[in-house]
Amino acid sequence: MIPIENFLVLSGILFSIGIYGVLARRNAVLIIMSVELMLQAVSINFIAFAVYLHPEQFTGLIFAIFVITIAAAEVGLALGIILRIFRNKGTANVDEVDMLKW
Amino acid sequence: MSYEEVIFYFVAAVTVLGALGVVVARNVVHSALFLILALLAVAGVFILLSAEFLAIVQILIYGGAVTILILFVMMLTRVRDMPQALDGPQRPFAALAAGAFLALSVLAAVSSDWPGETEKITVVPFRELGDALFRIWAVPFEVASLVLLVALIGAIILARSEEGE
């Protein structure tokens with residue numbers, strides 16, 4: 001059988017790649033994609049802990065379902081905002097959208 | 001090495017390669033295609049964790065809906081035509097932060113002494129999962145559906161064009 005540490009390490013690697021993408025990319029759509037990677041890492045962690053450590057309660061599985069639901073809502077809303085920003089400013093790069101800074 | 005471990009390492013390698021492709025690809029459409037690869041590989045990881053229901057949901061919602069949505073927004077915001085660099089000047093800092101987090105999380109995962117069974121998966125049957133979702137977690141479930149509804153109405157209002165635009 002596969003020990004739980006393998007899944008935790010995979011989740012850590014995926015989350016770090018997501019962190020790199022969020023910090024390094026300039027385009028808002030690419031940042032959203034990196035956030036999706038981080039959410040996937042969190043889901044793997046939740047499910048791994050649920051099926052290995054507490055299978056009689058499996059709260060982690062329920063949490064993973066909610067993570068996927070909220071992620072779908074978040075993507076829809078975020079992409080709507082990005083479209084609106086692009087229409088108003090002509091760009092989707094986050095460092096050029098600085099209307100709140102003066 | 002058992003056949004399960006071989007499958008795990010294969011799926012994990014595909015996941016990490018896809019994720020790396022998402023953050024380093026120079027072409028944004030390639031980036032989105034790498035994202036599909038990574039998400040499908042994560043569905044494989046869910047199957048290895050014997051969470052088949054979540055694997056199906058993952059393929060339906062992420063492999064289908066989310067990536068198509070992202071590709072459409074890429075088309076509408078003309079990301080490909082943007083002449084500027086895709087990455088900002090903070091790349092070394094980003095690599096440093098990601099590396100620090102990676103070292104910390106791997107150290108924590110490997111050195112921790114997890115309570116309970118860490119070698120064996122206990123399969124949770126579909127029936128029990130649905131039972132718990134609609135009995136114990138019924139209120140959060142309804143709230144989640146409300147959140148989805150509000151988010152979708154908000155997205156429609158944000159994305160539609162106003163009069164005179």
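1. How do the residues of the lining of the largest cavity divide into nonpolar, polar and charged? In this predicted model, eight of the lining residues are nonpolar, while one is polar and one is charged.

2. As for the cavity itself, the structure holds one of 30 Å³ or more, and the space within the largest cavity comes to about 80 Å³. Its lining draws on both chains, with A:Val51 and A:Leu61 from chain A, and B:Ser50, B:Ala51, B:Glu52, B:Phe53, B:Leu54, B:Val124, B:Phe126 and B:Leu129 from chain B. Two elements of chain B, helix H3 (52-76) and helix H5 (126-134), each give two or more residues to this lining, and H3(B) supplies the largest share, namely three residues.

3. Turning to chain A, the secondary structure consists of three helices and zero strands, so that the order of elements from the N terminus reads α-α-α. The radius of gyration of chain A is 17 Å, well over the 13 Å that the globule rule gives for 102 residues, and chain A is therefore more spread out than a compact globule. Along the principal axes, the C-alpha atoms of chain A fill a box of roughly 55 × 25 × 20 Å.

4. On burial and contacts, 64% of the 102 residues in chain A are buried, and, of the contacts in chain A between residues at least 6 apart in sequence, 59% join residues at least 24 apart. Chain A exposes about 3600 Å², of which carbon and sulfur atoms supply 69%.

Notes
Residues are numbered from 1 along each chain as its sequence is written. Chains are lettered from A and ligands numbered from 1 in the order in which they are written. This is a predicted model: local features need pLDDT of at least 70, side-chain atom pairs count only at pLDDT 80 or more; totals for chains, interfaces and linings use all residues. Side-chain values use heavy atoms; hydrogens and water are left out. On a 1 Å grid over the protein atoms alone, a cavity is a set of points where a 1.4 Å probe fits but cannot get out, and a pocket is an open set with protein on both sides within 12 Å along at least five of seven lines; lining residues have an atom within 4 Å of a point. Grid points are joined across faces, edges and corners, and a volume is the space filled by probe spheres set on the points. Helices (H or I, at least four residues) and strands (E, at least two) are DSSP runs, numbered from the N terminus. Ala, Val, Leu, Ile, Met, Phe, Trp, Tyr, Cys and Pro count as nonpolar, Asp, Glu, Lys and Arg as charged, and the others, Gly among them, as polar. The radius of gyration is taken over C-alpha atoms; the globule rule is 2.2 Å times the number of residues to the power 0.38. Buried means under 20% relative accessible area, exposed over 50%, partly exposed in between (1.4 Å probe, protein chains only). Contact means heavy atoms within 4.5 Å. Accessible areas come from the Shrake-Rupley method with a 1.4 Å probe; for residues, only the protein chains shown count as cover.
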